[in-house]
Structures are given as C-alpha cells and as structure tokens.
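I opened this entry to record what I looked up in the structure below.

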Amino acid sequence: MSAHVPTSVDPVFLTELLKAGGENLKKCYQCATCSTVCTLTPDHRPFPRKEMLWASWGQRERLLGDPDIWLCHQCGDCSVYCPRGADPAETLAAIREVSIRHYAVPSFLGRLVAEPRFLPLALAIPVVFILAVLALAGTLTLPKSEIVRLADFFPHAWLNGSFSLVFLATCGFALLGASRFWRDLQRNWPVPGTPRGLFESLLPVVNEIITHDRFSKCTAHDHRYLAHLGVFWGFICLLLATVVAILVILLGGDYPMPLYHPGKLLGNVGMVLLLSGGYVLLKERLSTAGKTSRSTYQDLLFLSILLTVTVTGGLVQVTRMANSQSAYYLYFIHLVAVFYLLMYLPYSKFAHVLYRTLALFHARRTGRL
Amino acid sequence: MDKKTILVVGAGISGITTAIEAAEVGHEVVLVERLPYLGGRVAQLGRYFPKLCPPYCGLEINFRRIKNNPRVQVHTSTELVSIRGDRGAYTVELLQKPQYVNDRCTACGACVEVCPVTRDDDFNYGLTTTKAIYLPHEMAYPYRYAIDTSVCMKLECKKCVDACAYRAIDFSRQDQRFEVKVHSVVLATGWTPYDATKIENLRYGSYRNVITNVQMERLLAANGPHQGLILRPSDAKAPESIAFVQCAGSRDDNHLPYCSTVCCLASMKHALEYRERNPQGKAFIFYIDLRAMGRNEDVLSRVKADENIVLIKGKVARIDEEPCGSLVVEAEDILSGLKRKEKVGMVVLATGMTPNLPALDKVVVDEFGFFNAEAVEEGIFAAGCDKAPLDVSSALKDATGMALKAIQG
C-alpha cells in the first residue's frame, strides 16, 4: 500500500488549529505516551502521536484526509498522561472542528456556524425564514381560537413542505462535503486491492453506532459514553416520533396524537433520554472548562441547540395541553432551534454523524479497524 | 593564613570532597551527615562514570583522608536545625540523634544474631531486609553497627545489649543539640530517587519485577542482594530480557518537569553490564531522546554495536503483568509507526533525582526545589546535586569549587 504522502506545510491551517482548541499542541515533544495510553487506537500507525506531529507542522492535507481523528472519542486519557500538557485530545477535537469547516459547502455557511460573532445572523436566518413562510401561509398573526392548535399557527403542509425543501438542500450540501472528505480519505489511506466487502464493512459500523461499543472503551469518562448513548437513542426516538407524526398527518389521522399513541410515547421516552444524557454532557463540559477536555464554542453551541429543541418541544406539549397561549411562542422558538439543528447539520458539530460514520466505514473497509 | 571554620552539611561524595579540599588547605571543617555512615548515594552505586569503577575504591581513599585529617570533625546521624547570623559569622544549630551504638563496637555481629526485628534495607532500596541493628554496608565509615530507631524496641527487648561483649550498646543515650560557629556553610544534602509509585501507569510497587534504576545499581553491585547476579525480585531467577523505561517520571509536567541528566547513560551502562553477565539476555531501551554527553557518546556506540540491545524511540506508557511474573511493556515505536508490545522478564524504570534541601529561610530554592544560588546570600553555598541533577564527576568538580567559595565566602 503506497499512500500519497502530502508534504506541504500550511501555517494558516496551523493558526486555525491553535484557535480551535489546539493552543497547546506545540508543546508536544513526540514521546508517544498518548498513542500508548489510548484504548481506541489501532496498533498499526496508532494515533494521536502522528497527528500531533502533523498538526505542529501545519500539514493540512495529511490531517484533513486522516480517518483517525474520527476514531477518537475524546475521553482525554492522552491529555491526562501527556507529560508536556500538549492536550492531544483537545488537538484532535480542534482538527475535527477545522475539518468540518473545511468541507463545508457552501463555505460561508461553515464560517457562519463556526464563528461566535456570526451567531446573531445564524439565528436570524431561521427566524426570518419562518416568519416569511408564515406570511406566505397567511398566518402571521397569533390564532384567536379558544383551543390552542399549533396547526392554526403554522399549517402542517407549510411547515413540512418548507422545512423539507430546505433540508433537502442541506442534504445536497452535506453530500458534497462528504464526497470531498471521502476523496481525501482515499488519497491518504488508499483502499487495499481487496477491500472488505460492503456489508462486511457496514455491519460493524452500524453495530458500533447503535451500541457505542468502541466509545465504551474510553475508560476515563465512562459516564460520558452512557450520556452520549442516551442522547443518541433519545434523538433516534424523537426522529422516529416526528416521522410517525408526519405520516399521521399525511394519512389524515387524529392530530395532535393522544398521549398513549405509540408515536407520542416514543417521543416522550426520547425526550427523557436526550434530556438526561444532554444534561450530563453539558454539566461535564461546563465543569471541566479550563482543565482537560476543554470545550469550544462549537461544542457548547451544538449541545445547547440540541437541548433547546428538546426542552421547548417538551414545554410546547405541556402548554398546549394546558391550553396556554404561550405554546405558540415556545413553538416558534422550538422551530427556530429545529431549523438550526437540521439546516446547519453539515457545519455544526452535528456533522460528526456524517464524517465519523464515513471514517468508520473507511477504517473497516481498509481493515484499519 | 586566616584559618576559617566551614560547615558542610551532607557527607555524600560532594560533601566529602568539599570538606577534604577545605581541610587539606588548612581550614577547620565540621562535616555533618544525617545517616549513620558516610558515602551517600555513591556508596550505593554498582559502578559509576566516567571510568566505571566501583565506588569503594574512591570512597576508601576519601575516608582515609578524613581519618588522617584532624581538621575534619565528623558528626553522623546529625541534622541541621537552623542557621543564624550573617556572612562570615554563622551560628548553626545541629541535632544529633541518639548514638545507641558507640565506638566500642567491633562489628562482630553478635547483636544481629539475637535481634528479633527485621526492616527493609534502605541501602539496597528495599530489595533485602536487615535486622533492626545492622551494619549499613561492608565499608561503612565509621565502621560500626547502627540501630533503626523507628522499629527497634530498645529497652523493652535489649537482647542486643546482653549479647554485646564490648558494652557498645547504650539505650540511655539521648538526642544531643549543639551549636557551631562557622564562617560559611556548604549544603551538600544530595538527592532522593523520585518516588516511582507516583507514576501509576508504570506499576512500580504493584508488579514485583518492575524495579528502579537505583535498585538495578544494587543488583549490579558486588555487595548487592545477589553479589552482582541480576536476579528478578519475584522468583530470584535471571530475567531472559530486560526493558529499560527512560524518563520514568522525568521531563513530565505531572511528575518531574526536568531531565535528571544521568538516567540515559545509567540505563545504557545497565544494559551493557546485564549483557556482559547474561550473554543470552536481551535488553530493550525505550527512550524519548538518548542523551549521552561528551565523551560518553562512546557508551552509546557500544550499546549500538550490541545487536541484543534494542533501542526503541517511544515512551513506555503501559505495563501488564503475566501470571509467571513476566511483563509486557507497550510503546509506540515512533520510527516505524507501529505499536510495540515486548514481553520481558524484568522492567527497570529510569527514575530521576529530587533535591534534599532543608526547609530553612536562608535556603532559597528554584521552581524545581534545587538550590537557587542567585537568591541566596553569599556565605551559604550548595554543592553537587543540590544545585541541579549531576553525574558524579561533575558533582566532584562543583564540590571542589565550592570549597574555595566557602573559604573565600
């Protein structure tokens, strides 16, 4: 296997890494303690020691097409044992963050989501978008009816139609980013002559995603693995509940669904899972700030948006049942947050679902995992 | 010549050197030592750089020079309590622990036979045990037995008192405080090996065949636990291979942030000596950077010429124990980019030096705990490893210079 070895050095890329949480990476003196204490790395060309070297040289091409940065779950063992305080875990997180920005299509959306100063604009877009759709639907005023009905505020057809259209565009952009990432993966780590079969490679990836079996090997923060598992399954439940709701609406069933409806039950179970997992993650991120496992703007923003979606969703349900007008306001916030979550997926930390999955698949296909 | 009195604290190789150099040009020297014998860490070495001689030959000459020089006053089992006064006129308070064994002792050993208490032998870094009354080592100076007061039952037992034909043991002795007036003070309190149990992932203290470099020196010494045979602690068998783990707790922000300068050469020397004594044996040295300064690069060349000494660039960060007592050390071999798991019979951790300076107002230390010569008043000096980690020959040069400083100070 002769990989293309890029040798170019990019000082701008290095500066980006330093800003994105890798500010201590230059302290690394290449002792490789990190590669040895890591419980997730393969034995052949282990990480993160080589990434630390490439990062300090600003070797952009090597790092962007490096599947290993996505095999890391940032348990922080390497940073704890690092004799120099070079924070390999945070450096890999910074490389991932810069990667997401690099593969962003269109690139201005990557900057919009990544830079804190653009946050007002990033939030204004969904607000304006939703107001515009409401204006088109002719429901820009709060419904006057006695009973709170969300469909009176935002007709389902308009909601599902407009959000689906934008999400379709997002998916297109995400695919473009993903294909560029895949191309770089193959350039840096060519698939061998006889790669593992498609299903043979895919099955362990699916298994890993649904069980978090590799994540669970991160012994330093085992509650984080459980918390992430909660968030993951909570999100899946809520996604399925949303699909069920859309189907019910399309098929003309009873809507809002009664509490005992399987879709409703699924949604509420998901909400509990996501809230408890998300709470643990956010608490840890806030409490360890400044120590190992520093958190960046992107880490905190993504978690906050996810929790906002969940909390406002739950509150909308309660206020609607209590027949309170505040349900409309909460619903509006909920929709802004949902828009943010889904439409900015390829540019926020959410993009890890894309890149990590691809990297895992690539690692299985090439026999790296 | 203006005759001055100089206090030297610590009678390791540096303190002895300063004391003798000052005394032999005609000054009075008070040499105090915390332990019951002179010689310090050097007495515990197997062989040392640059000529790789055993320590006894050099120490013997120095002990004779002290013995023959009436201007050196030696106080063993004595600690520095305080320094008062100013440059040129210090009053120093000293505390001598009870000298239960006096100079009537002939080192016949009758006391050892009756002593019921055993203790870890700190001269052998815990690899062996002695009785509570013990001869520190074969060439101890002064040549007499000592009592470990932390474990001895004293008058409740006093079997040794009855066994001693020379009435050399006297448990009625008390602490003695006394003061000396001196012109200047030279601290030569030396160093302590870094506590390897603090490096959790290297498992010293939980895996018996993980030892430290100072313990390896004892194993290699002719007067060591097995008379120079390298046998591992768990089963007293010769290990078929040894892994040397460099920078164990050194150059590490979590432990000692500095380099102790001698450990690379010490491990290379250990590997060569192990190979000489075990022609079938194999040695692995895991390092970050191999530091062989000056003419000692020859040692590195000898190491490289031996195909059974394998140099691996990459720090060991995990050690697992097998049921037989052998160990699997794990590191990334940086030059090949592959994880390396090596099964070995014994592991030697190259631990660094920590300074032993007394906590006194007049003794200012740097960020790592070493003597800060710039911040301390003229008149108080430090020699050898009190200033920085040094090898023996550099410590000797420094100690000789400090003798002159102390005379002038």
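I began with confidence, since the model is predicted. For the model, I recorded an ipTM of 0.90 and a pTM of 0.92.

Next I turned to the contact between the chains. I found that chain A gives 18 residues to the contact and chain B gives 17 residues. I then asked which elements give two or more residues to the side of chain A that touches chain B. They are α2 (33-37) and α3 (49-57) of chain A. I noted that α2(A) supplies the largest share of that side, with four residues. I also sorted the side of chain A that touches chain B by class: seven residues are nonpolar, six are polar and five are charged.

I then looked up a sheet in chain B. I recorded an open sheet of five strands, paired in parallel, whose order is β3-β2-β1-β11-β22. Which strands of chain B lie at the edges? I identified β3 (72-75) and β22 (380-382), each of which pairs on one side only. From one strand to the next, I noted an average twist of 20°.

In chain B, strand β1 (residues 5-9) and strand β11 (residues 184-187) run parallel and are joined by four bridges.

Conventions:
Residues are numbered from 1 along each chain as its sequence is written. Chains are lettered from A and ligands numbered from 1 in the order in which they are written. This is a predicted model: local features need pLDDT of at least 70, side-chain atom pairs count only at pLDDT 80 or more; totals for chains, interfaces and linings use all residues. Two residues are in contact if their C-beta atoms, placed from the backbone, lie within 7 Å. Ala, Val, Leu, Ile, Met, Phe, Trp, Tyr, Cys and Pro count as nonpolar, Asp, Glu, Lys and Arg as charged, and the others, Gly among them, as polar. Two strands pair if DSSP finds at least two bridges between them. Axes are lines fitted to C-alpha atoms, for helices over the stretch in contact, and angles run from 0 to 180 degrees between N-to-C directions.
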